[in-house]
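Subject: Structure for your review

Dear colleague,

Please find the sequence and structure below. A description of what was found follows them.

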Amino acid sequence: MIENNKTVIITGANKGIGLATTKKFLENNYNVFFCTRENNLKKLNDNFDFSDDFKKRIIPIKFDLNNENTILDAAKEITDSCLKIDAL
């Protein structure tokens, strides 16, 4: 992760508009909290053709809107990272 960059939280980051938004923010040098129902980074890397530079700035977060515990855990993990959030 490159600490000088801005940081964004994207839910549903693994498909559709969320994935397109993730790619656009990565292209603009943002760190991305990559929120999906599954946070297996190896699986994410296997499924998406992200450059090594992009991979360094992706922070996978398990986040299922149907599960309150994952929401609370995600909020804690993001808060504990001490990164300033610039966009949601």
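The buried residues of helix 4 pack against strand 1, strand 2 and strand 3. Here, buried means under 20% relative accessible area, exposed means over 50%, and partly exposed lies in between (1.4 Å probe, protein chains only). Helices (H or I, at least four residues) and strands (E, at least two) are DSSP runs, numbered from the N terminus.

This is a predicted model, in which local features need pLDDT of at least 70 and side-chain atom pairs count only at pLDDT 80 or more, while totals for chains, interfaces and linings use all residues. Residues are numbered from 1 along each chain as its sequence is written, and side-chain values use heavy atoms, with hydrogens and water left out.

The buried residues of helix 4 are Thr70, Ala74 and Ile78. They cover an arc of only 65° around the axis, which puts them on the same side of helix 4; the arc is that of the directions from the helix axis to the C-beta atoms. The face turned away from this buried side carries the exposed residues Glu68, Asn69, Asp73, Lys76 and Thr79. Axes are lines fitted to C-alpha atoms, for helices over the stretch in contact, and angles run from 0 to 180 degrees between N-to-C directions. Contact means heavy atoms within 4.5 Å.

Three strands form an open sheet in the order 1-2-3, with parallel pairing; two strands pair if DSSP finds at least two bridges between them. Strand 1 (7–11) and strand 3 (58–62) stand at the edges, each with a single partner strand, so one side of each is left without a neighbour in the sheet. From one strand to the next, the twist averages 20°. Five bridges join strand 1 to strand 2, and strand 2 (residues 31–36) pairs with strand 3 over five bridges. Cys35 stands opposite Thr11 and also opposite Ile61 in strand 3.

How many residues of strand 2 are buried? Six of the six are, so strand 2 is largely enclosed by the rest of the structure. Asn31, Phe33 and Cys35 point one way from this strand, whereas Val32, Phe34 and Thr36 point the other way.

Finally, the largest nonpolar core has 12 residues, among them Val8, Leu19, Leu26, Val32 and Phe34. A nonpolar core is a set of buried Ala, Val, Leu, Ile, Met, Phe, Trp, Tyr and Cys residues joined through side-chain atoms within 4.5 Å. Strand 1, helix 1 and strand 2 are the elements that give two or more residues to this core. A second, separate core of nine residues includes Ile9, Phe33, Phe63 and Ile78.

Yours sincerely
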